[in-house]
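Please consider the sequence and the model below. The paragraphs that follow lead through ring contacts, the sheet and backbone geometry.

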Amino acid sequence: FRSSTRVTDRSRLETRTATLAGRQALLNAKRNVFKSWNRSASSKELSTFDEDASRRIFDGFAALVPAYSGPRLGAGSKVFAMGSCFAREIEGALIARGGNVISIDDTIQRDEFRDAAGNIRSGFFHRFTPPAMRQEFEACFGELPGWTDQSLAFPAGQDRLIDLNYWQVPGADESARANAVRRSVAKALVRRAAEADIVILTLGLTEAWLHKPSGFFANFTTPQFLARQASDFELRLIGVEETIHRLEAID
């Protein structure tokens, strides 16, 4: 996982990527009535809001090809998955079929990964943008200059942190100790990518929030947090060229 070109990459890519100041981006989102995929209680339900994308997008955009003649995985092939919720679905489907998935294991069977209802949630590992994916690999392999165990973790009250480098599982323990445990588990799991026979990366969003003081990309944030620190953030709208560049750099 290369990191030596980080500085030159950033200066060059600024010309390829649209940017918006934090406050303007928040204002645009507030005005956009079409911003949501599904505001219903469950994402598995068709939205009851006509403006939501799940009501505006219909079947017919993709066709399944039943015949496949390319390379095939063996039953014992080591599979590593990272990305949006699609990566978690792939992990679950392969595990259910006896697949050798190495990007998740029983190390998350602990209280730090429980939600408000007490359920273990692998969603903590969701990664939503190409910059956040590349950044996670570099950080976990010790190839991200300036990165520390506290990077992108901000105080959110007495002994509470908001960790912008990972997904915020509703009701999870937000103490500094729990945050450190989750990051430690994440690092060990990500480093397994070097052992994988295949790495699956699923793409989620092209809207990436850059934390300007640190130069790191937030993997997750909330409108409330952004509103309080809007001057510290810049919205990068990642284009096709930069997306490809970021993915190819994960080698």
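**Rings, sheet and backbone**

The charged end of R127 sits over the ring of Y166, at 5.4 Å from the ring centre. A charge is taken to sit over a ring if NZ of Lys or CZ of Arg is within 6 Å of the ring centre and within 35 degrees of the ring normal. R39 likewise lies over the face of F49, 4.0 Å from the centre of that ring. The model is predicted, and local features need pLDDT of at least 70, side-chain atom pairs count only at pLDDT 80 or more, and totals for chains, interfaces and linings use all residues. Residues are numbered from 1 along each chain as its sequence is written, and side-chain values use heavy atoms, with hydrogens and water left out.

Y166 also takes part in contacts between rings: ring pairs link Y166, F113, F124 and F125 into a cluster. Rings of Phe, Tyr and Trp (its six-membered ring) pair if their centres lie within 6.5 Å; planes under 30 degrees apart count as stacked, over 60 as edge-to-face and the rest as tilted. By this rule there are ten aromatic pairs. In one of them, the ring centres of W147 and F216 are 5.0 Å apart and the planes stand at 75°, so the pair is edge-to-face. This pair links distant parts of the chain, 69 residues apart: W147 belongs to the loop between α5 and β4 (153-155), F216 to strand β8 (residues 216-218). Helices (H or I, at least four residues) and strands (E, at least two) are DSSP runs, numbered from the N terminus. W147 counts as buried because its relative accessibility is 19%, and F216 is buried at 3%. Here buried means under 20% relative accessible area, exposed over 50%, and partly exposed in between (1.4 Å probe, protein chains only).

The rings of F154 and F225 have their centres 5.2 Å apart and their planes at 50°, so this pair is tilted. It, too, links distant parts of the chain, with F154 in strand β4 and F225 in helix α7 (residues 223-228), 71 residues apart. F154 is buried at 14% relative accessibility, and F225 is buried with a relative accessible area of 2%.

In which order do the three strands of the open sheet run? The order is β3-β2-β6, with parallel pairing. The edge strands, β3 (100-101) and β6 (198-202), each pair on one side only. Two strands pair if DSSP finds at least two bridges between them. Strand β2 (residues 78-83) pairs with β6 in the parallel sense over five bridges, and A81 stands opposite I200 in β6. Helix α4 (residues 85-96) packs on the sheet, touching β2, β3 and β6, and its direction makes about 155° with that of β2. Helix α5 (residues 130-140) packs on the sheet as well, touching β2 and β6, with a direction at about 125° to that of β2. Contact means heavy atoms within 4.5 Å. Axes are lines fitted to C-alpha atoms, for helices over the stretch in contact, and angles run from 0 to 180 degrees between N-to-C directions.

Backbone geometry remains. Most residues other than glycine have a negative phi. L152, although not a glycine, has a positive phi of about 65°. L152 lies in the loop between α5 and β4 and is buried at 4% relative accessibility. D159 also has a positive phi, near 50°. Is D159 buried or exposed? D159, in the loop between β4 and β5 (161-163), counts as exposed because its relative accessibility is 53%.
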